[in-house]
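Please look over the chain below together with its fold before reading on. The briefing is meant to be read with the model open.

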Amino acid sequence: MASNAPVGKPTDMSAPHLPKVAGIDSAVPGPPHTTAPLPGVPAAASPSDAALPPGALIQDRLASWVSDLTTLHELTERLIRTSSLDEALREVLGAGAALVGARRGMAVLEPADGLGPAATIGLGLAHSDLGTIETVPRGTSSYGRLLDGLPEPGHPERVPDPIAIRDVRTEEGLDPRHREVAARLGYAASYALPLATEDAGGLGAAVWLYDEPAEPNDRQRHLIGLYGRFATEHLARLLQVERARVQVSTITEELLPSRLPRVPGVQLAARHHTGPRGGGDWYDALPLPEGALGLAVGSVSGTGPSALAAMGRLRASLRAYAVMEGEDPVAVLSDLELLLRLTEPARSATALFAYAEPARRRIVLAGAGHAPPLVVGERRTEFVETSLSAPLGMLSCWEAPSVELSPAPGETVLLYTDGLLRRTGDAMDRAFARLHAAAASVPKADRSDPGAVADHVLRTLLPEGLGTAVDGEDVVLLAARFE
(Lines give C-alpha, C1' and ligand atoms only; values in the text may rest on other atoms or scores of the structure.)
Protein backbone atom coordinates (compact mmCIF):
# COMPACT_ATOMS: atom_id res chain seq x y z
CA MET A 1 0.00 0.00 0.00
CA ALA A 2 1.35 3.41 -0.95
CA SER A 3 2.31 5.75 1.83
CA ASN A 4 0.72 9.21 2.07
CA ALA A 5 3.94 10.66 3.56
CA PRO A 6 5.85 13.04 1.27
CA VAL A 7 8.68 11.41 -0.69
CA GLY A 8 12.05 11.88 0.98
CA LYS A 9 10.53 12.78 4.36
CA PRO A 10 10.26 9.91 6.80
CA THR A 11 7.09 9.71 8.87
CA ASP A 12 7.69 10.93 12.45
CA MET A 13 6.72 8.13 14.80
CA SER A 14 8.53 9.49 17.84
CA ALA A 15 5.55 11.50 19.17
CA PRO A 16 1.86 10.69 18.89
CA HIS A 17 -0.48 12.99 17.03
CA LEU A 18 -2.76 14.65 19.59
CA PRO A 19 -6.39 14.56 18.47
CA LYS A 20 -8.51 17.72 18.69
CA VAL A 21 -11.33 17.15 21.12
CA ALA A 22 -14.57 19.06 20.49
CA GLY A 23 -14.26 22.51 21.98
CA ILE A 24 -10.62 22.01 23.03
CA ASP A 25 -7.64 23.39 21.18
CA SER A 26 -4.93 20.73 21.43
CA ALA A 27 -2.32 23.40 20.76
CA VAL A 28 -2.90 24.94 24.18
CA PRO A 29 0.19 24.44 26.38
CA GLY A 30 0.18 21.95 29.22
CA PRO A 31 -1.32 22.96 32.57
CA PRO A 32 1.15 23.80 35.30
CA HIS A 33 -1.18 25.05 38.04
CA THR A 34 1.25 27.32 39.85
CA THR A 35 2.65 30.69 38.95
CA ALA A 36 5.59 30.41 36.56
CA PRO A 37 8.93 31.10 38.26
CA LEU A 38 11.15 33.84 37.00
CA PRO A 39 14.25 32.99 34.93
CA GLY A 40 16.99 31.71 37.17
CA VAL A 41 14.62 30.31 39.76
CA PRO A 42 14.67 26.48 39.67
CA ALA A 43 11.32 24.84 39.00
CA ALA A 44 10.00 21.90 40.96
CA ALA A 45 10.96 18.57 39.50
CA SER A 46 8.22 16.85 37.51
CA PRO A 47 8.12 13.76 35.27
CA SER A 48 9.14 14.49 31.74
CA ASP A 49 6.50 14.10 29.05
CA ALA A 50 9.07 12.16 27.05
CA ALA A 51 9.22 9.54 29.79
CA LEU A 52 5.48 8.86 29.55
CA PRO A 53 4.04 6.32 27.14
CA PRO A 54 2.13 7.93 24.23
CA GLY A 55 -1.24 6.78 25.54
CA ALA A 56 -0.55 8.07 29.03
CA LEU A 57 0.60 11.42 27.63
CA ILE A 58 -2.65 11.83 25.68
CA GLN A 59 -4.72 10.88 28.71
CA ASP A 60 -2.77 13.26 30.94
CA ARG A 61 -3.30 16.19 28.56
CA LEU A 62 -6.96 15.35 28.00
CA ALA A 63 -7.47 15.20 31.74
CA SER A 64 -5.81 18.59 32.16
CA TRP A 65 -7.99 20.11 29.42
CA VAL A 66 -11.13 18.67 30.97
CA SER A 67 -10.04 20.03 34.33
CA ASP A 68 -9.50 23.50 32.87
CA LEU A 69 -12.82 23.45 31.04
CA THR A 70 -14.57 22.37 34.22
CA THR A 71 -12.95 25.22 36.11
CA LEU A 72 -13.95 27.77 33.47
CA HIS A 73 -17.48 26.39 33.41
CA GLU A 74 -17.83 26.71 37.17
CA LEU A 75 -16.43 30.24 37.21
CA THR A 76 -18.61 31.45 34.35
CA GLU A 77 -21.67 29.85 35.93
CA ARG A 78 -20.99 31.85 39.08
CA LEU A 79 -20.49 34.99 37.04
CA ILE A 80 -23.74 34.78 35.10
CA ARG A 81 -25.65 34.54 38.37
CA THR A 82 -24.55 38.06 39.27
CA SER A 83 -27.16 40.74 38.60
CA SER A 84 -25.32 44.01 39.30
CA LEU A 85 -22.11 45.59 38.08
CA ASP A 86 -20.61 45.75 41.56
CA GLU A 87 -21.35 42.08 42.23
CA ALA A 88 -20.02 41.04 38.82
CA LEU A 89 -16.77 42.99 39.23
CA ARG A 90 -16.15 41.34 42.59
CA GLU A 91 -16.76 37.93 41.05
CA VAL A 92 -14.36 38.70 38.18
CA LEU A 93 -11.66 39.72 40.64
CA GLY A 94 -12.05 36.57 42.72
CA ALA A 95 -12.13 34.25 39.72
CA GLY A 96 -9.19 35.99 38.07
CA ALA A 97 -7.12 35.74 41.24
CA ALA A 98 -7.70 31.98 41.29
CA LEU A 99 -6.78 31.63 37.61
CA VAL A 100 -3.54 33.64 37.69
CA GLY A 101 -2.46 32.59 41.19
CA ALA A 102 -2.63 36.01 42.84
CA ARG A 103 -3.97 37.03 46.24
CA ARG A 104 -5.02 40.64 45.71
CA GLY A 105 -6.29 42.83 42.90
CA MET A 106 -8.50 45.66 41.74
CA ALA A 107 -10.98 46.21 38.91
CA VAL A 108 -11.79 49.56 37.35
CA LEU A 109 -14.98 50.08 35.38
CA GLU A 110 -14.53 52.98 32.98
CA PRO A 111 -16.40 52.50 29.67
CA ALA A 112 -14.52 53.87 26.68
CA ASP A 113 -17.62 55.67 25.37
CA GLY A 114 -17.48 58.00 28.37
CA LEU A 115 -21.12 57.45 29.32
CA GLY A 116 -20.34 55.76 32.65
CA PRO A 117 -20.95 54.58 35.21
CA ALA A 118 -17.47 54.38 36.72
CA ALA A 119 -16.43 52.24 39.68
CA THR A 120 -13.32 50.84 41.38
CA ILE A 121 -13.49 47.54 43.28
CA GLY A 122 -10.73 45.95 45.34
CA LEU A 123 -9.89 42.38 46.36
CA GLY A 124 -7.85 42.09 49.54
CA LEU A 125 -7.30 45.85 49.43
CA ALA A 126 -8.75 48.44 51.79
CA HIS A 127 -10.37 51.58 50.47
CA SER A 128 -7.28 53.54 51.47
CA ASP A 129 -5.10 51.07 49.54
CA LEU A 130 -7.10 51.72 46.38
CA GLY A 131 -6.61 55.44 46.89
CA THR A 132 -2.89 54.91 47.29
CA ILE A 133 -2.69 52.92 44.04
CA GLU A 134 -4.55 55.68 42.24
CA THR A 135 -1.81 58.16 43.19
CA VAL A 136 0.46 56.45 40.66
CA PRO A 137 0.48 58.57 37.48
CA ARG A 138 -2.16 57.06 35.22
CA GLY A 139 0.04 56.84 32.16
CA THR A 140 2.69 54.81 33.98
CA SER A 141 0.52 52.28 35.82
CA SER A 142 -0.38 49.08 34.00
CA TYR A 143 -4.13 49.38 34.45
CA GLY A 144 -3.99 53.10 33.60
CA ARG A 145 -2.28 52.40 30.28
CA LEU A 146 -4.93 49.81 29.51
CA LEU A 147 -7.75 52.22 30.35
CA ASP A 148 -6.25 54.90 28.13
CA GLY A 149 -6.06 52.40 25.27
CA LEU A 150 -9.57 50.96 25.54
CA PRO A 151 -11.40 50.90 22.20
CA GLU A 152 -15.00 51.73 21.44
CA PRO A 153 -17.14 48.94 19.90
CA GLY A 154 -16.20 47.92 16.38
CA HIS A 155 -12.42 48.44 16.69
CA PRO A 156 -10.94 44.99 17.43
CA GLU A 157 -7.49 46.04 16.29
CA ARG A 158 -7.30 48.52 19.16
CA VAL A 159 -7.91 46.06 22.02
CA PRO A 160 -4.75 46.37 24.13
CA ASP A 161 -2.74 43.35 25.24
CA PRO A 162 -2.42 42.37 28.91
CA ILE A 163 0.50 43.91 30.76
CA ALA A 164 2.70 41.85 33.07
CA ILE A 165 5.16 43.47 35.45
CA ARG A 166 7.33 40.59 36.61
CA ASP A 167 9.29 42.48 39.25
CA VAL A 168 8.44 46.03 40.30
CA ARG A 169 11.97 46.53 41.66
CA THR A 170 13.76 45.80 38.36
CA GLU A 171 11.13 46.63 35.72
CA GLU A 172 12.41 49.31 33.37
CA GLY A 173 10.46 52.49 32.74
CA LEU A 174 8.38 52.45 35.93
CA ASP A 175 7.59 55.72 37.63
CA PRO A 176 9.33 56.08 41.04
CA ARG A 177 5.92 56.59 42.60
CA HIS A 178 4.91 53.17 41.27
CA ARG A 179 7.81 51.49 43.08
CA GLU A 180 7.07 53.48 46.24
CA VAL A 181 3.40 52.42 46.28
CA ALA A 182 4.32 48.79 45.61
CA ALA A 183 6.74 48.81 48.53
CA ARG A 184 4.19 50.42 50.81
CA LEU A 185 1.43 47.93 49.95
CA GLY A 186 3.78 44.95 49.81
CA TYR A 187 3.35 43.68 46.26
CA ALA A 188 6.19 42.79 43.93
CA ALA A 189 4.54 42.01 40.58
CA SER A 190 1.27 42.52 38.74
CA TYR A 191 -0.76 41.27 35.81
CA ALA A 192 -3.25 43.65 34.17
CA LEU A 193 -6.00 42.47 31.83
CA PRO A 194 -8.17 44.75 29.66
CA LEU A 195 -11.91 44.18 29.98
CA ALA A 196 -12.57 44.64 26.28
CA THR A 197 -13.91 42.70 23.31
CA GLU A 198 -14.61 43.48 19.68
CA ASP A 199 -18.37 43.74 20.20
CA ALA A 200 -18.55 45.36 23.64
CA GLY A 201 -15.61 47.68 23.20
CA GLY A 202 -13.60 48.67 26.25
CA LEU A 203 -15.28 48.64 29.63
CA GLY A 204 -12.35 48.79 32.04
CA ALA A 205 -9.39 46.83 33.33
CA ALA A 206 -8.49 44.38 36.08
CA VAL A 207 -5.09 44.02 37.71
CA TRP A 208 -3.92 41.27 40.08
CA LEU A 209 -1.03 41.76 42.48
CA TYR A 210 1.61 39.18 43.48
CA ASP A 211 3.36 39.22 46.81
CA GLU A 212 6.57 37.93 45.22
CA PRO A 213 8.20 38.47 41.79
CA ALA A 214 6.22 36.27 39.40
CA GLU A 215 4.05 36.22 36.30
CA PRO A 216 1.31 33.92 34.95
CA ASN A 217 2.46 31.03 32.80
CA ASP A 218 1.14 30.45 29.29
CA ARG A 219 -1.66 28.20 30.48
CA GLN A 220 -2.86 30.74 33.04
CA ARG A 221 -2.74 33.53 30.46
CA HIS A 222 -4.83 31.45 28.11
CA LEU A 223 -7.46 30.67 30.74
CA ILE A 224 -7.72 34.22 32.09
CA GLY A 225 -8.00 35.45 28.50
CA LEU A 226 -10.96 33.16 27.83
CA TYR A 227 -12.60 34.08 31.11
CA GLY A 228 -11.93 37.79 30.56
CA ARG A 229 -13.69 37.81 27.18
CA PHE A 230 -16.75 36.12 28.65
CA ALA A 231 -16.69 38.42 31.68
CA THR A 232 -16.54 41.50 29.46
CA GLU A 233 -19.62 40.42 27.50
CA HIS A 234 -21.50 39.81 30.75
CA LEU A 235 -20.42 43.18 32.13
CA ALA A 236 -21.56 44.82 28.89
CA ARG A 237 -25.04 43.35 29.32
CA LEU A 238 -25.21 44.49 32.94
CA LEU A 239 -23.99 47.92 31.87
CA GLN A 240 -26.85 48.25 29.39
CA VAL A 241 -29.33 47.24 32.08
CA GLU A 242 -27.86 49.72 34.56
CA ARG A 243 -27.92 52.56 32.05
CA ALA A 244 -31.51 51.78 31.13
CA ARG A 245 -32.45 51.66 34.82
CA VAL A 246 -30.82 55.03 35.44
CA GLN A 247 -32.61 56.57 32.46
CA VAL A 248 -35.96 55.18 33.59
CA SER A 249 -35.34 56.36 37.14
CA THR A 250 -34.41 59.84 35.91
CA ILE A 251 -37.52 60.11 33.76
CA THR A 252 -39.69 58.86 36.60
CA GLU A 253 -38.26 61.38 39.05
CA GLU A 254 -38.91 64.15 36.54
CA LEU A 255 -42.55 63.07 36.27
CA LEU A 256 -43.04 63.01 40.05
CA PRO A 257 -43.12 66.00 42.42
CA SER A 258 -39.74 67.68 42.79
CA ARG A 259 -40.66 68.65 46.35
CA LEU A 260 -43.59 68.20 48.69
CA PRO A 261 -45.74 71.21 49.59
CA ARG A 262 -45.76 72.81 53.03
CA VAL A 263 -49.26 73.01 54.42
CA PRO A 264 -49.97 74.10 58.03
CA GLY A 265 -51.10 71.27 60.28
CA VAL A 266 -49.46 68.40 58.40
CA GLN A 267 -45.96 67.05 57.71
CA LEU A 268 -45.26 65.09 54.54
CA ALA A 269 -42.62 62.58 53.47
CA ALA A 270 -42.38 60.37 50.40
CA ARG A 271 -40.23 57.39 49.45
CA HIS A 272 -40.08 56.17 45.88
CA HIS A 273 -37.98 53.51 44.22
CA THR A 274 -38.18 52.65 40.53
CA GLY A 275 -37.78 48.98 39.63
CA PRO A 276 -35.31 47.90 36.92
CA ARG A 277 -38.08 47.55 34.35
CA GLY A 278 -39.60 50.96 35.07
CA GLY A 279 -43.17 50.66 36.27
CA GLY A 280 -45.94 53.21 36.46
CA ASP A 281 -46.28 53.76 40.23
CA TRP A 282 -46.67 57.37 41.28
CA TYR A 283 -47.66 59.69 44.09
CA ASP A 284 -48.71 63.31 44.44
CA ALA A 285 -49.39 65.95 47.06
CA LEU A 286 -50.81 69.31 46.09
CA PRO A 287 -52.14 72.26 48.08
CA LEU A 288 -55.80 73.07 47.46
CA PRO A 289 -57.94 76.14 48.24
CA GLU A 290 -58.83 77.03 51.85
CA GLY A 291 -55.81 75.25 53.34
CA ALA A 292 -56.81 71.83 52.06
CA LEU A 293 -54.41 69.21 50.74
CA GLY A 294 -54.80 66.56 48.06
CA LEU A 295 -52.92 63.27 48.52
CA ALA A 296 -52.79 60.62 45.81
CA VAL A 297 -51.02 57.38 44.98
CA GLY A 298 -51.56 55.13 42.01
CA SER A 299 -50.19 52.54 39.65
CA VAL A 300 -50.52 52.15 35.89
CA SER A 301 -50.41 48.69 34.34
CA GLY A 302 -47.39 47.74 32.27
CA THR A 303 -43.70 48.60 32.41
CA GLY A 304 -41.21 50.58 30.40
CA PRO A 305 -41.48 53.93 28.60
CA SER A 306 -45.14 53.51 27.63
CA ALA A 307 -46.15 52.93 31.25
CA LEU A 308 -44.13 55.97 32.34
CA ALA A 309 -45.81 58.13 29.71
CA ALA A 310 -49.26 56.90 30.76
CA MET A 311 -48.39 57.54 34.40
CA GLY A 312 -47.39 61.12 33.61
CA ARG A 313 -50.63 61.80 31.74
CA LEU A 314 -52.75 60.23 34.47
CA ARG A 315 -51.06 62.14 37.27
CA ALA A 316 -51.36 65.45 35.44
CA SER A 317 -55.05 64.82 34.80
CA LEU A 318 -55.71 63.93 38.42
CA ARG A 319 -54.11 67.19 39.55
CA ALA A 320 -56.48 69.12 37.30
CA TYR A 321 -59.55 67.24 38.55
CA ALA A 322 -58.41 67.66 42.16
CA VAL A 323 -58.24 71.44 41.77
CA MET A 324 -61.72 71.55 40.25
CA GLU A 325 -63.56 69.13 42.55
CA GLY A 326 -61.07 67.83 45.10
CA GLU A 327 -63.53 67.92 48.00
CA ASP A 328 -65.35 65.06 46.27
CA PRO A 329 -62.80 62.24 45.78
CA VAL A 330 -65.41 60.04 44.07
CA ALA A 331 -65.96 62.68 41.39
CA VAL A 332 -62.19 63.02 40.91
CA LEU A 333 -61.73 59.30 40.31
CA SER A 334 -64.86 59.12 38.14
CA ASP A 335 -63.42 61.78 35.85
CA LEU A 336 -60.12 59.95 35.81
CA GLU A 337 -61.91 56.73 34.87
CA LEU A 338 -63.62 58.41 31.91
CA LEU A 339 -60.34 59.90 30.72
CA LEU A 340 -58.51 56.58 30.99
CA ARG A 341 -61.24 54.74 29.11
CA LEU A 342 -61.19 57.28 26.27
CA THR A 343 -57.43 57.83 25.95
CA GLU A 344 -55.92 54.56 27.22
CA PRO A 345 -58.47 51.86 26.27
CA ALA A 346 -55.94 49.02 26.57
CA ARG A 347 -54.62 50.04 29.98
CA SER A 348 -55.90 49.81 33.55
CA ALA A 349 -54.81 51.67 36.65
CA THR A 350 -55.32 51.77 40.39
CA ALA A 351 -55.60 55.03 42.27
CA LEU A 352 -56.39 56.43 45.69
CA PHE A 353 -57.22 60.09 46.24
CA ALA A 354 -57.62 61.74 49.65
CA TYR A 355 -58.96 65.23 50.31
CA ALA A 356 -57.45 66.37 53.61
CA GLU A 357 -58.27 69.36 55.79
CA PRO A 358 -55.32 69.47 58.20
CA ALA A 359 -56.80 72.23 60.39
CA ARG A 360 -59.81 70.01 61.13
CA ARG A 361 -57.83 66.75 60.97
CA ARG A 362 -60.37 65.40 58.52
CA ILE A 363 -59.77 63.19 55.50
CA VAL A 364 -62.22 62.07 52.82
CA LEU A 365 -60.85 59.46 50.45
CA ALA A 366 -61.85 57.07 47.69
CA GLY A 367 -59.95 54.25 46.07
CA ALA A 368 -60.15 52.37 42.80
CA GLY A 369 -58.67 48.89 43.17
CA HIS A 370 -56.03 50.27 45.51
CA ALA A 371 -54.67 49.03 48.83
CA PRO A 372 -56.19 50.76 51.89
CA PRO A 373 -54.22 53.42 53.80
CA LEU A 374 -52.68 52.59 57.15
CA VAL A 375 -53.05 54.83 60.22
CA VAL A 376 -50.08 54.72 62.61
CA GLY A 377 -50.26 56.26 66.08
CA GLU A 378 -49.48 55.67 69.73
CA ARG A 379 -52.87 54.15 70.45
CA ARG A 380 -53.67 52.40 67.20
CA THR A 381 -52.19 50.91 64.05
CA GLU A 382 -54.97 49.95 61.68
CA PHE A 383 -55.97 49.84 58.06
CA VAL A 384 -58.70 52.21 56.91
CA GLU A 385 -61.80 50.28 55.93
CA THR A 386 -62.58 51.14 52.32
CA SER A 387 -65.15 49.61 50.00
CA LEU A 388 -63.98 47.10 47.40
CA SER A 389 -63.71 48.57 43.94
CA ALA A 390 -62.35 47.52 40.58
CA PRO A 391 -59.33 49.33 39.11
CA LEU A 392 -59.90 52.18 36.68
CA GLY A 393 -60.48 50.96 33.16
CA MET A 394 -61.91 47.62 34.20
CA LEU A 395 -65.60 48.61 34.28
CA SER A 396 -67.75 50.59 31.87
CA CYS A 397 -68.61 53.00 34.66
CA TRP A 398 -66.69 53.33 37.88
CA GLU A 399 -68.10 54.64 41.14
CA ALA A 400 -67.54 53.70 44.78
CA PRO A 401 -68.49 55.42 48.02
CA SER A 402 -65.95 57.60 49.79
CA VAL A 403 -64.70 57.05 53.34
CA GLU A 404 -64.11 59.68 56.01
CA LEU A 405 -61.63 59.44 58.85
CA SER A 406 -60.28 61.74 61.56
CA PRO A 407 -56.63 61.10 62.48
CA ALA A 408 -55.72 62.01 66.05
CA PRO A 409 -52.96 64.52 66.77
CA GLY A 410 -49.59 62.90 66.09
CA GLU A 411 -50.98 60.10 63.93
CA THR A 412 -49.48 59.34 60.53
CA VAL A 413 -51.46 58.15 57.53
CA LEU A 414 -49.48 55.91 55.15
CA LEU A 415 -50.47 55.68 51.49
CA TYR A 416 -48.58 53.13 49.38
CA THR A 417 -48.72 51.09 46.18
CA ASP A 418 -49.02 47.33 45.95
CA GLY A 419 -45.42 47.12 44.76
CA LEU A 420 -44.42 47.53 48.41
CA LEU A 421 -46.40 44.41 49.27
CA ARG A 422 -45.23 42.36 46.30
CA ARG A 423 -41.60 43.14 47.03
CA THR A 424 -41.89 41.00 50.15
CA GLY A 425 -42.44 37.88 48.03
CA ASP A 426 -45.27 36.76 50.30
CA ALA A 427 -48.92 36.10 49.59
CA MET A 428 -50.96 39.28 49.85
CA ASP A 429 -52.64 38.43 53.15
CA ARG A 430 -49.27 37.74 54.78
CA ALA A 431 -47.77 40.86 53.15
CA PHE A 432 -50.54 42.99 54.68
CA ALA A 433 -49.87 41.40 58.08
CA ARG A 434 -46.16 42.12 57.78
CA LEU A 435 -46.86 45.73 56.80
CA HIS A 436 -49.12 46.16 59.83
CA ALA A 437 -46.47 44.67 62.12
CA ALA A 438 -43.76 46.91 60.65
CA ALA A 439 -45.89 50.03 61.20
CA ALA A 440 -46.82 48.98 64.72
CA SER A 441 -43.15 48.59 65.65
CA VAL A 442 -42.15 52.17 64.82
CA PRO A 443 -40.16 53.46 67.84
CA LYS A 444 -41.80 56.23 69.84
CA ALA A 445 -38.88 58.55 69.11
CA ASP A 446 -39.53 58.24 65.35
CA ARG A 447 -43.28 58.79 65.37
CA SER A 448 -42.93 62.58 65.26
CA ASP A 449 -41.17 62.42 61.88
CA PRO A 450 -43.11 60.99 58.90
CA GLY A 451 -39.85 60.35 57.05
CA ALA A 452 -38.54 58.28 59.94
CA VAL A 453 -41.83 56.36 60.04
CA ALA A 454 -41.59 55.59 56.32
CA ASP A 455 -37.92 54.55 56.59
CA HIS A 456 -38.63 52.24 59.53
CA VAL A 457 -41.46 50.55 57.66
CA LEU A 458 -39.26 50.01 54.60
CA ARG A 459 -36.34 48.64 56.63
CA THR A 460 -38.57 46.30 58.61
CA LEU A 461 -40.67 45.10 55.71
CA LEU A 462 -37.76 44.74 53.27
CA PRO A 463 -34.71 43.96 55.45
CA GLU A 464 -32.62 43.02 52.42
CA GLY A 465 -33.26 46.38 50.81
CA LEU A 466 -34.92 47.49 47.62
CA GLY A 467 -32.10 46.18 45.43
CA THR A 468 -33.01 42.52 46.08
CA ALA A 469 -36.56 42.61 44.82
CA VAL A 470 -38.57 39.53 44.03
CA ASP A 471 -39.89 40.94 40.80
CA GLY A 472 -38.39 44.44 40.78
CA GLU A 473 -41.64 46.36 41.03
CA ASP A 474 -41.82 50.05 41.91
CA VAL A 475 -42.28 51.05 45.53
CA VAL A 476 -44.16 54.17 46.64
CA LEU A 477 -44.76 55.22 50.23
CA LEU A 478 -46.39 58.58 51.08
CA ALA A 479 -46.62 59.53 54.76
CA ALA A 480 -48.73 62.39 56.17
CA ARG A 481 -48.43 63.18 59.91
CA PHE A 482 -51.20 65.37 61.36
CA GLU A 483 -50.36 67.76 64.17
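What follows is a briefing on the fold, the cores, the cavities and some individual residues of this model.

This is a predicted model, in which local features need pLDDT of at least 70 and side-chain atom pairs count only at pLDDT 80 or more, whereas totals for chains, interfaces and linings use all residues. Residues are numbered from 1 along each chain as its sequence is written, and side-chain values use heavy atoms, with hydrogens and water left out.

**Overall fold**

- The protein chain holds 11 helices and 15 strands, where helices (H or I, at least four residues) and strands (E, at least two) are DSSP runs numbered from the N terminus.
- Of the 483 residues in the protein chain, 47% are buried, a term that means under 20% relative accessible area, with exposed over 50% and partly exposed in between (1.4 Å probe, protein chains only).
- Among the contacts in the protein chain with a separation of 6 or more, 68% are between residues 24 or more positions apart, contact meaning heavy atoms within 4.5 Å.
- The accessible surface of the protein chain is about 23700 Å², and 53% of that surface belongs to carbon and sulfur atoms; accessible areas come from the Shrake-Rupley method with a 1.4 Å probe, and for residues only the protein chains shown count as cover.

**Nonpolar cores**

- The largest nonpolar core has 51 residues, and those with the most contacts inside it are W282, L295, L318, L333, L336, F353 and I363; such a core is a set of buried Ala, Val, Leu, Ile, Met, Phe, Trp, Tyr and Cys residues joined through side-chain atoms within 4.5 Å.
- Neighbours within four places in sequence aside, F353 has contacts that include L295, L318, L333 and L365.
- A second, separate core of 34 residues includes A88, V92, A206 and A214.

**Cavities**

- There are two cavities of 30 Å³ or more, a cavity being a set of points, on a 1 Å grid over the protein atoms alone, where a 1.4 Å probe fits but cannot get out, with lining residues having an atom within 4 Å of a point.
- The largest cavity has a volume of about 100 Å³, where grid points are joined across faces, edges and corners and a volume is the space filled by probe spheres set on the points.
- Residues lining the largest cavity include M106, I133, H178, Y187 and L209, and the elements that give two or more residues to this lining are helix 4 (142-148) and strand 5 (201-210).
- The second largest cavity holds about 40 Å³ of space, and strand 10 (residues 362-368) gives the most to its lining, with three residues.

**Individual residues**

- H272, in strand 6 (residues 266-273), counts as buried at 18% relative accessibility, and its contacts beyond four places in sequence include D281, Y283 and D474.
- A cis peptide bond, with omega of about 0°, joins G116 and P117, and P117 is in the loop between strand 1 (104-109) and strand 2 (119-123).
- E290 has a positive phi of about 60° although it is not a glycine, and E290 counts as exposed at 83% relative accessibility.

Conventions
1 Å grid on protein atoms, 1.4 Å probe; cavity = no way out; pocket = protein on both sides within 12 Å on 5 of 7 lines; lining within 4 Å.
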